[in-house]
Every structure is written in C-alpha cells, then in structure tokens.
2 protein chains.
Amino acid sequence: MGEKRVTFKDIADHTGFSKTTISRYFNKPDYLTPENRQKISMALKELHYKENKVAQILARGETNFIGLIVPHMFMSFYSHLLDRFLHTYDHFDYKFLVFSGGADPVSERKYIRELLSYQIEGLVILSHMIPSEELASYDIPVVAIEREDRAISSVNTDNYTGGVMATELLIRNQCDQLIYVCTDSRQEVPSYDRYRGFLDTCQKNGIAQDAFFRDSIFSYQMMYQFSEHALNCICNSHDGKKKGIFCSNDVTANIMLNLLFRKYGCLPDDFRIIGFDDSPTAQESVLPLSSIRQQIDLIVAEAMRILDSQIRARKDDPSCILQPKHSLIEPQLIIRQTTSG
Amino acid sequence: MGEKRVTFKDIADHTGFSKTTISRYFNKPDYLTPENRQKISMALKELHYKENKVAQILARGETNFIGLIVPHMFMSFYSHLLDRFLHTYDHFDYKFLVFSGGADPVSERKYIRELLSYQIEGLVILSHMIPSEELASYDIPVVAIEREDRAISSVNTDNYTGGVMATELLIRNQCDQLIYVCTDSRQEVPSYDRYRGFLDTCQKNGIAQDAFFRDSIFSYQMMYQFSEHALNCICNSHDGKKKGIFCSNDVTANIMLNLLFRKYGCLPDDFRIIGFDDSPTAQESVLPLSSIRQQIDLIVAEAMRILDSQIRARKDDPSCILQPKHSLIEPQLIIRQTTSG
DNA sequence: TTGTAAGCGTTATCAA
DNA sequence: TTGATAACGCTTACAA
C-alpha cells in the first residue's frame, strides 16, 4: 500500500549501475551483457518497478497519442468504427484519447484544445461540428470519415457506387418507381453521393424517381415520424406501381419495413426495400434487410495507414506540409430478403 | 509550418518575467497585477503559446487519466455506457484512455500495463477477462459494471428486482407458463440475479417455469441459432399454454419476436415477450418490445462518483486502503406492445 | 560496455 | 508580487 514510486534511480542504486544503463536495458538491451541484463531484470522485479511513459514522452517528445472524436455512439456505424480504431493498437501502438462529440462547436473546440495539450500526434474526426479548414489549421495530421473533408485527409465509402448498386438492384427487382429516402440533406457530406448515384442510375434506365429529404434528425422518434410520413406519401402517390425504396441508412429502412409488416403481416409484393451501412439492424429486422455494406475494417485500416504515414513524415521533417489524401473504399451489395436476386 | 514549440521560457524571455511568473499566470493569476497579466496574455497570443499537459503531469504527478476497457462495442449497452462515460468530461475533467477488449486475458493484461504506465488514476472495467482479485492488486481505484466484482467496486442494475418486475408483468398478462432464456450461464455475473428474481417470483406465485441457458455466444449467428432452438423447444413442450418469455437481453427477445412474426404475421395471443436492457433494438423491433431498462445515465454517474471519491482519497493519503463499494441502480419496467398493461 | 550531464516543459519551495 | 532553483522520471549526446 502507498509505496513510493520506484524509478530508474532506485534500480540504479540497487544494482550499482547508472540510470543510463537502466534506460538502455529497455531501449538498447544489446549493449548490455547477458549477466547484467539478468541482474537488472531481477532488481526490477524485486523493487516492483513500473514504467512511466509520461516521463518518456517528455524526454522523447513522442506521445503515440491519437485523438478521436465521435459525434455520438447511438448510430452503430460510429461505435463500430471506434471499436476498430481501438483495435489497431495491436498493430500500431497508438493509444486513443477519445471524446464523444459536443453539442456545439464551442465544446468541441475545447476537446480539441485539450487533445492538443496532451501532444496528440494525429486526430481522427468523425463528428461534423468543426469545418475542415479549421481542423487543418491545427497543423497535425487529421483524417475524417464520412464528413465534410475539403481541407483534410479522409476515407469514405464510394457512396456514388453504393447508390448505383442499390438502385440497380431495385431495378432488377422490376421496380418501376424508385424512391430515395434520406435523413441528411447537406450536399457537402460524402453520403450525398448516394443520391447522385441513385439519380444517374434512374435516369440512365429511364425509371421514374422520387425523393424525400429531411434534416436535423436527432432522435429515433424524429426518424420514425419522418419515415412514417414518407411512407404515407409514397403509398398515396405511387399506388399501383412496384415501389423500390432506397433508404440512406438501415434504421430508416427498418422502420419502413416494420410499418409495412404491421399493416400487411408481410412485405407486400409491390414493395422492395434496401438500406445502407449493413448495420446490425439490417440482419436483426423482421425480414433481414438488403443493404449496402460499408467495409468498416478497410475504412479504418486505410485511415490508419494515412495517419501513420503522415505522422512518420512529420517526425522525419517537422516542417513538412500535410497534403490531404482522399481514399474511397468499395461498398458491398448485401442481398437479403427485402429484395430478391 | 514546423514552428518550434513555444514554452514558458520563451514567454518569460519575451516579457522579461521569469518562468515561475508565467506558470503563476495560469495557476494563481491573483498574484499578478492586472497590467502584468495583460502583458503576459498578449505575449501568449503573439507567440502562439500552446499548453503542454504532459510536462504538467510530470511536475504535478496528476494525470487526470482514467483507463476504460470495454469488451467490445457490438452490444449497444457497452457503446452507450462508453458514450456516457466520455461525456462526464464536462463535469469531472477526466480524460479517457480507451481500449476495446482483447480476445484473451494476456492481451488485456497488456492493455492494463500500458494504461498504468500512463499513470492513470482510475480504471473503469466492463470486460470480463481478468478476475477482480487481480484488478484489485494493481492498487488503483477500479470500478466494474455488470461483471464479476468480488474484490473491486461496482455499479450494477438491481438485476434481481429487474427479474421480478419482468416476471410479474408476464404473470399479470395471464401467462401460465414462464420461460427464462439466457445467453450467459455464469453464476458470478451480476445478471445471473435476473434468473433468481425470475425463479423466486414463479415460485411465490405458483407458476410453472422453464429455462434455457447457453454459454459462450460470440456472434449474432450463434444467438440466432440458440433462440430458434429455444423457441422450437418452447413450442413443442408448452403447447396450449399461455407462454411468457423473459429474455436476458433485447436482441434475443427481438429474434424470438421476429421468428413468431414471420410464422404468424403477428405476435400470437398465447405468447408474451419481454427483454432486458431497453436497448435501441427494443423500440426498433417489428412490435416495440417490452423491456427492463438499465438506467445507464445513473449507472455511469454513480460509477464516476465512486471513482472520483476514491481518487481524491488517494491524493490526500496515497497509502489509504481502497474499500470496494457496491451500488445498485433501480431498473425501470418499460411496457410496450409485446406485453399488455 | 558503461557513465556523466544536460535536457524535455512544467510546478513547488523558498527566499526576497 | 516576483524569482532562483530544484524537482518530476526518462532519454540522449558525448565521453570514457
């Protein structure tokens, strides 16, 4: 209980070596003779030495900290991403200082200032509060995922292709009226490309299309109401047609499916639905939902590749300029029971 | 680009004060005259000073780091907890170093060693890999949530009461055959108390009961298969009775509900279902699921209260003994459409 | 192969 | 109200 901290000095005194030699035991063990290594090793155990990386940081000027800001964790997309980032520790040895997004830019700036004061070497940003130009101005490597990324590096799903895949599947399902339902109407967000892919594909195939956008959705309740409203409109406007609904996320798709299921006890033949993300919701819904999978493992791997290479570049040449890199990851079409083949 | 780090020394040189005075500007501003404060403030801006908390840690011996180990983030319970913990930053100023659980105790021990080397002042542990006795031996404040907690502090939902609530609701629904379906059979886990509450309530009311346990479930697929198997058994064994199914989590309950819905197009009248956690799944399922809510906000608030008080106690008296505290948080009965009143 | 001594950027203790 | 000076625990030239 309450033992004083054991330091290199204590080990040095106990073994008769200098602090330097103890340091070398950890960093350049080859310089020591096996016997001396043995001696030090014993002393470390006897005195219950515990290493202190804070001191090491100060001396070396490297923290191996990466800051990570998620907007929230209620969308499984974000928690899944976070999980994968944390697991990169096994490869990269970066430790993650994590913040869950503020309600406003002010508190998020506070988070970032705090992160910088801990000398983070890079930042992963999933939240949308701060414009990329400001993030770039902090002059550390930053990589964004599925958010506005004009001035910073980013990794995103190839949303356009995802939109095309979903739309083509609905067309193969003989739908003659396609509808895009979206819970975020901002054009600067990468996911807006899903709509572009949808539109182009409808046009190319000469299929009628319709779309519902809604902004500022902060809760499941809001999403439910919006979906219900959209579905009512769809039923009223496109009666008699075979309707293919493409939702910008699985939660919305699931709500649509549930509404139909409660009404008809099944997915009626004149409806086809596909979601986006391939989140757990997609397989857990009453009828497993077709979806466009975002390959989160690949997204994270690529994000870390970019971040790590920029961090290394900075260590070689602290004044080097950080060129934003933008990577796209292929989506995957996941066909389940709300569409056929 | 590539500016050298600006330190107190630079500010001191620039203003003609000493480093000490600059430090005081931040920590004891009252000692300075307003004019001098002004001068320093200007200099900080001109030179673009950025504070360095790593140096501060070393000098002060306080990190304000809390380590946090989640088992994974695929169960929304954990990601929700994590989200709430991160948000306590606004009250407590603790920063969280987060690890997502290892596959085995060996890698998890590595995480803990790393955390300790960063001089964390406390540990929140949600994963199950390391026995509490070992965690206690690290001699820093530790608080566990919904895991084995013999030797460490913990905050848990009052699972027994939760079990009673669920069971009583099913009885009020005129069920005459109750079934508990559980995806974790370890008796040392707090959630086992749900079963005890279930059993006692069945006995007290003289209602027939049955139970299905399965261990080592690592994926949705396994959970699905287990649920399907259990439901088949239930249908075969208890035909003609009104069956009240109490699932140890909402995901299992949702699977059961989906299986019934696909078969019958509705929840048949001789079935009632209730889950546990009140996770998003519960409201998103085809028929909104009744559930026992774990009050995550309260759990986290209480966990931080315990942790913070032990951390403070340790600062006053580094040799003080850490008495494990165990708190229970009341669950809430959430009645939705898979049970009535 | 090992040691000396000067950092790293703060804070704490005294003294003025 | 301010300033020297010595920590904090480790790394890193440079020297031996």
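User: Which residues are closest to DNA strand D?
Analyst: A:Thr7, A:Ala55, A:Ala59, B:Ser18 and B:Thr21 are the closest of the 26 residues that surround DNA strand D; a residue is near a strand if its C-beta atom, placed from the backbone, lies within 6 Å of it. This is a predicted model, in which local features need pLDDT of at least 70 and side-chain atom pairs count only at pLDDT 80 or more, while totals for chains, interfaces and linings use all residues. Residues are numbered from 1 along each chain as its sequence is written, and chains are lettered from A and ligands numbered from 1 in the order in which they are written.
User: And which residues come nearest to DNA strand C?
Analyst: There, A:Thr20, A:Thr21, B:Ser23, B:Ala55 and B:Ala59 come nearest, out of 26 residues around DNA strand C. Two or more residues of that surface come from each of α2 (19-27) and α4 (53-60) of chain A, and α2 (19-27) and α4 (53-60) of chain B; helices are DSSP runs of H or I, at least four residues, numbered from the N terminus.
User: Changing topic, which residues of α3(A) are buried?
Analyst: A:Ile40, A:Ala43 and A:Leu44 are buried, that is, 20 or more other C-beta atoms lie within 10 Å of their own, all placed from the backbone.
User: What covers them?
Analyst: The cover of these buried residues includes α1 (8-15) and α2 of chain A.
User: What follows α3(A)?
Analyst: A:His48 follows α3(A), and its phi is positive, near 55 degrees.

Definitions and conventions
Buried ≥ 20, exposed ≤ 12 C-beta atoms within 10 Å, placed from the backbone. Contact = placed C-beta atoms within 7 Å.
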